[in-house]
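Please open the structure in your viewer and keep the selection panel at hand. The tour goes from stop to stop, saying what to select and what is there.

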Amino acid sequence: MNRRTVTIKVNKGYDVIIENGILPNCGKIVKETAGDCRIAVIADSNVANLYLKTVLSSLAEEKLQTEHYIFDAGEKSKTISTLADILEFLADKKLSRSDTVIALGGGVTGDIAGFAASVYLRGVKFIQIPTTLLSAVDSSVGGKTAVDLNAGKNLAGTFKQPDAVICDPKTLSTLSEKEFSNGLAEAIKYGVLFSEELFEYFENDRLEDNLDEIIEKCVAFKGKIIEKDEFDTGERKLLNLGHTIGHAIEKCSNYTISHGFAVASGMAMAARAGEKMGITQAGTAEAIEKALEKYSLPTDTSFDPCSLASCALSDKKRAGETITAVIPERIGKCRLHGISVGELEDFIKKGKKQ
Ligand SMILES: NC(=O)c1ccc[n+]([C@@H]2O[C@H](COP(=O)([O-])OP(=O)(O)OC[C@H]3O[C@@H](n4cnc5c(N)ncnc54)[C@H](O)[C@@H]3O)[C@@H](O)[C@H]2O)c1
Ligand SMILES: [Zn+2]
């Protein structure tokens, strides 16, 4: 057994357990965490085909009674309407306040099942079993839940820390190359933000055999930030590295460019702009570009700065007349930098490759 455990010290605290091959034994951890209760497993259609049976059998081995709900895979399902269906399902199955919801899947499943767990009967226990790299390194930890509204992504949500996160890196082997790279952009982000040592794993393409360690490091860094700023009013904004421009790219592309790919471009652009502004150590942008390119991630965008700026300005993260951008000082250290609305287009222009 080669188990890695990261404890996130928020509220009563919870463990993120990372172990290759743990999925067929997840029931044991669920029982230790939630006790003898009923379990509702929420999964999307793809993940249900791949892993639901394994999870349900493991829960049954622990004599835990289960129900499961499957929704159509994809961001298009992250809506109030799916949330309502899940809540009606939980009520139909008469889940009680002492029962537990499990999110088995990627960020979409985690966000929507977490939302349901936080509002059903004013909150029931919640366990995340992430199966995408993005959810393993990022969305399963931290307690943000969300659904999309017509006006934009993630516009309704709650804070709901999970009671445990159970991550089996082996499940990531069935991800498409594109989904894997999508999550890798967020993992590389943690290297740029907090650790040269972590960044080197990507620079030197040492992913194979080290995924559990990489996930552990990303989660530990995210955990430290969340412990200091659970509700995203200060330091947690650092986690938005690459996201100001990234969100604008996603929006400009009408969401045909996926989140991680947009964040990759945003990260490289923030570093290039930072170098021109004298904030970023020379060579940092090149190092980021090289790491991203290794995994076929983009480092620039074809959208023009004017359209990107107007997309970014309609973003909910705009506070008053200033936008908080995250700019690398060097690999392993970034800073928050206020940019006025008027300066944003120029910042984006500086970030584009000439
Ligand atoms: N709550 C947060 O803090 C937070 C942070 C970042 C992103 N997010 C949200 O996460 C979502 C994106 O997450 P995502 O990229 O995991 O998307 P996702 O959940 O849609 O998963 C991507 C695709 O991979 C499939 N899949 C999942 N696991 C698989 C596996 N092991 N093998 C094969 N296919 C598998 C899914 O069915 C889906 O088609 C967005 O909605 C975003 O807003 C939330
Ligand atoms: Zn992100």
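The notes below begin with the ground rules and then visit a metal site, a cavity and a hairpin.

This is a predicted model, in which local features need pLDDT of at least 70 and side-chain atom pairs count only at pLDDT 80 or more, while totals for chains, interfaces and linings use all residues. Residues are numbered from 1 along each chain as its sequence is written, chains are lettered from A and ligands numbered from 1 in the order in which they are written, and side-chain values use heavy atoms, with hydrogens and water left out.

Select the zinc ion (ligand 2) to begin: its protein donors are Glu186 (OE), His243 (NE2) and His259 (NE2), at 1.9 to 2.1 Å from it, where donors are N, O and S atoms within 2.8 Å of the metal (3.2 Å for Na, K and Ca) and, as water is not among the atoms, sites may look incomplete. Glutamate 186 lies in helix H6 (residues 177–194) and histidine 243 in helix H9 (residues 243–252), so the pair ties together parts that are 57 residues apart in sequence; helices (H or I, at least four residues) and strands (E, at least two) are DSSP runs, numbered from the N terminus. Both glutamate 186 and histidine 243 are buried, meaning under 20% relative accessible area (1.4 Å probe, protein chains only).

Next, select Asn240, Gly242, Thr244, Ile245, Gly266, Ala270, Ala325, Val326 and Phe347, which line the largest cavity. On a 1 Å grid over the protein atoms alone, a cavity is a set of points where a 1.4 Å probe fits but cannot get out, and lining residues have an atom within 4 Å of a point.

Finally, select strand S7 (residues 147–149) and strand S8 (residues 152–156), which form a hairpin with two residues between them. Within it, valine 147 stands opposite alanine 156 in S8.

Technical notes. Buried means under 20% relative accessible area, exposed over 50%, partly exposed in between (1.4 Å probe, protein chains only). On a 1 Å grid over the protein atoms alone, a cavity is a set of points where a 1.4 Å probe fits but cannot get out, and a pocket is an open set with protein on both sides within 12 Å along at least five of seven lines; lining residues have an atom within 4 Å of a point. Two strands pair if DSSP finds at least two bridges between them.
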